[in-house]
Amino acid sequence: MPRTILVSLLFAALLAGCSSLRFPGVYRIDIPQGNVVSQDMLAELEPGMTPEQVRFVLGPPTLTDPFTPDTWLYLLHYQPGKADTVKQQVVVYFEGGRYSRYEGQALADVRERTSGRRDRELELRAEDRRRDGGTVDQEPLNDPEPDPGAPPSTPEATTVPLPRS
């Protein structure tokens with residue numbers, strides 16, 4: 001009897017490790033995988049472009065199948081720590097070594113959905129400051145000039161002989 005309880009508890013612990021439960025207060029990292037392709041990038045594609053030109057516009061493909069080298073896959077799977085997963089798939093086709101067409105669509109707000117909430121907050125604050133003409137109060141980068149009448153606060157440098165090899 002105790003053995004079956006122990007095995008059951010061990011099995012439950014292993015199964016819980018594979019679950020997708022989200023515990024409150026636990027930090028979860030963002031996991032970006034793949035390429036972000038925007039609608040502006042797709043608009044730059046023209047039939048007859050060479051693969052090098054397509055690579056320049058869209059970046060390197062996420063996946064090229066060795067059995068279908070005339071098909072490039074641009075996949076995006078972005079799993080934010082505290083939001084819904086973002087998925088995108090764009091397939092680029094070549095005929096005779098030249099770009100012919102693509103399938104799929106770019107997400108309209110992919111940049112907004114894949115940038116962190118904190119990043120967006122910082123960008124909004126910076127934009128507000130630029131708009132208001134305000135500056136950020138920063139501490140000076142250099143030490144202030146010492147008072148000529150005050151004693152030096154740091155000891156004088158000493159020369160230490162280096163060992164000879």
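This is a predicted model: local features need pLDDT of at least 70, side-chain atom pairs count only at pLDDT 80 or more; totals for chains, interfaces and linings use all residues.

Student: In what order do the elements of the protein chain run from the N terminus on?

Tutor: The secondary structure comes to 5 helices and 5 strands. From the N terminus on, their order is α-β-α-α-β-β-β-β-α-α.

Student: Which strand is joined to strand β1 (residues 31–34), and in what sense do the two run?

Tutor: Look at Pro 32, whose bridge partner is Tyr 78 in β3. There are 4 bridges between β1 and strand β3 (residues 68–79). The partner is therefore β3, since at least two bridges are needed for a pair, and the sense is antiparallel.

Student: Over how many bridges do β3 and strand β4 (residues 86–95) pair?

Tutor: A hairpin of 6 residues takes β3 into β4. Across the pair, Leu 73 stands opposite Val 91 in β4. The two strands pair in the antiparallel sense, and the number of bridges is 8.

Student: Which elements give two or more residues to the largest nonpolar core?

Tutor: That core has 15 residues, and those with the most contacts inside it include Leu 42, Leu 45, Val 54 and Tyr 99. Two or more residues each come from α2 (39–43), α3 (51–58), β3 and β4.

Student: Leaving out residues up to four places away in sequence, which residues does Tyr 99 touch?

Tutor: Tyr 99 is among the residues with the most contacts inside the largest nonpolar core. With sequence neighbours up to four places away not counted, the residues touched by Tyr 99 are Leu 45, Glu 46, Pro 47, Gly 48, Met 49, Val 54, Val 92, Tyr 93 and Phe 94.

Student: Is Arg 130 exposed or buried?

Tutor: Arg 130 forms a salt bridge with Glu 127, with the closest N and O atoms 2.9 Å apart. Both lie in helix α5 (residues 117–132), 3 residues apart, or about one turn of the helix. Glu 127 has 36% relative accessibility and counts as partly exposed. Because Arg 130 has a relative accessible area of 58%, its class is exposed.

Student: How far apart are N and O in the salt bridge of Arg 131 and Asp 128?

Tutor: This pair is also in helix α5, 3 residues apart, so about one helical turn separates Arg 131 from Asp 128. Arg 131 is exposed at 57%, while Asp 128 is partly exposed at 33%. From N to O, the side chains meet at 2.8 Å.

Student: And how does Arg 101 count, given its 37% relative accessibility?

Tutor: A search of the whole structure finds 3 salt bridges, including one between Glu 103 and Arg 101 with closest N and O atoms 2.8 Å apart. Glu 103 has a relative accessible area of 38% and is partly exposed. Being exposed takes over 50% and being buried takes under 20%, so Arg 101, at 37%, counts as partly exposed.

Student: To finish, what percentage of the accessible surface of the protein chain belongs to carbon and sulfur atoms?

Tutor: Of the 165 residues, 20% count as buried. The accessible surface comes to about 13,900 Å², and the share belonging to carbon and sulfur atoms is 56%.

Notes. Residues are numbered from 1 along each chain as its sequence is written. Side-chain values use heavy atoms; hydrogens and water are left out. A salt bridge is a side-chain nitrogen of Lys or Arg within 4 Å of a carboxyl oxygen of Asp or Glu. Buried means under 20% relative accessible area, exposed over 50%, partly exposed in between (1.4 Å probe, protein chains only). A nonpolar core is a set of buried Ala, Val, Leu, Ile, Met, Phe, Trp, Tyr and Cys residues joined through side-chain atoms within 4.5 Å. Contact means heavy atoms within 4.5 Å. Accessible areas come from the Shrake-Rupley method with a 1.4 Å probe; for residues, only the protein chains shown count as cover.
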